[in-house]
Amino acid sequence: MTVCIISIDHYLQYVEAETDSEVLRASKERLRAILEEMLSTGTIGVIFEESSPTKPSIAQELAERDGIPWHNICMTTEERVAAGIFDALRNRPGSPDWDDMSCWIEYRIQEDKIREAYFVQRIEEATGHNQKALVLLGDMHVQEVANALSTRGHEVEIAQELISKKRWANLRES
């Protein structure tokens with residue numbers, strides 16, 4: 001299987017809203033253009049997205065329009081509780097971006113590995129051997145999921161052009 005992973009900041013992935021700023025609207029339009037271009041090739045057989053279950057996404061809208069299967073691979077609250085990671089994710093450590101104070105920097109934690117294994121499992125279960133899958137993931141998870149898929153024998157491409165600022169860091173062990 002061939003997998004193309006698009007690295008995103010989650011606020012970009014949701015369908016455009018009247019309340020979006022001009023900057024946010026432009027970023028969402030860029031994501032939409034990237035997705036439109038990829039889907040226009042006719043080679044994408046399935047789309048996976050780490051997304052809110054309550055907010056429609058741009059990829060979901062395009063998948064429905066084009067008749068392409070779309071799967072939300074975000075673990076539900078119940079799945080996070082069952083996996084024993086709910087509290088750790090809800091209490092994820094972080095800090096301000098001390099360089100310019102423009103955002104909160106989240107830290108990777110051990111529980112992220114459980115989520116990433118879940119993403120890989122869901123992708124493998126729903127993708128045919130000769131199919132090309134498009135995956136949209138938060139930037140924090142992209143390299144780990146790509147590495148896992150590559151190790152399992154899949155061809156992986158990563159697109160990170162939508163990430164203007166890294167909003168995560170590895171948690172420092174003390």
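Contact here means heavy atoms within 4.5 Å. The model is predicted. Two packed helices are described by the angle between their axes and the distance between the axes.

Helix α2 spans residues 22-40, and helix α3 spans residues 58-66. Their axes lie 10 Å apart and meet at an angle of about 35°. The crossing of α2 and α3 is right-handed. On the α2 side, the contact is made by K28, L31, R32, L35, E36 and L39. On the α3 side, the partners are I58, A59, E61, L62, R65 and D66. The residues of this contact of α2 with α3 comprise 6 nonpolar and 6 charged, with no polar ones.

The crossing of α6 and α7 is right-handed. Helix α6 contributes D112, R115, E116, F119, V120, I123 and E124. These meet M140, H141, E144, V145, A148 and L149 in α7. The residues of the contact of α6 with α7 divide into 7 nonpolar, 1 polar and 5 charged.

Aromatic rings were also examined. The structure holds 0 aromatic pairs. A charge does sit over a ring, however: K55 lies over the face of Y14. The distance from K55 to the ring centre of Y14 is 5.0 Å.

How values were computed
Residues numbered from 1 in each chain as written. Predicted model: local features only at pLDDT ≥ 70, side-chain atom pairs only at ≥ 80, totals over all residues. Heavy atoms only, no water. Left-handed = near helix turned anticlockwise from the far one by under 90°. Helix = DSSP H or I, 4+ residues; strand = E, 2+ residues; numbered from the N terminus. Nonpolar A, V, L, I, M, F, W, Y, C, P; charged D, E, K, R; others polar. Phe/Tyr/Trp six-rings, centres within 6.5 Å; stacked < 30°, edge-to-face > 60°. Lys NZ or Arg CZ within 6 Å of the ring centre and 35° of its normal. Axes fitted to C-alpha atoms, helices over the stretch in contact; angles between N-to-C directions.
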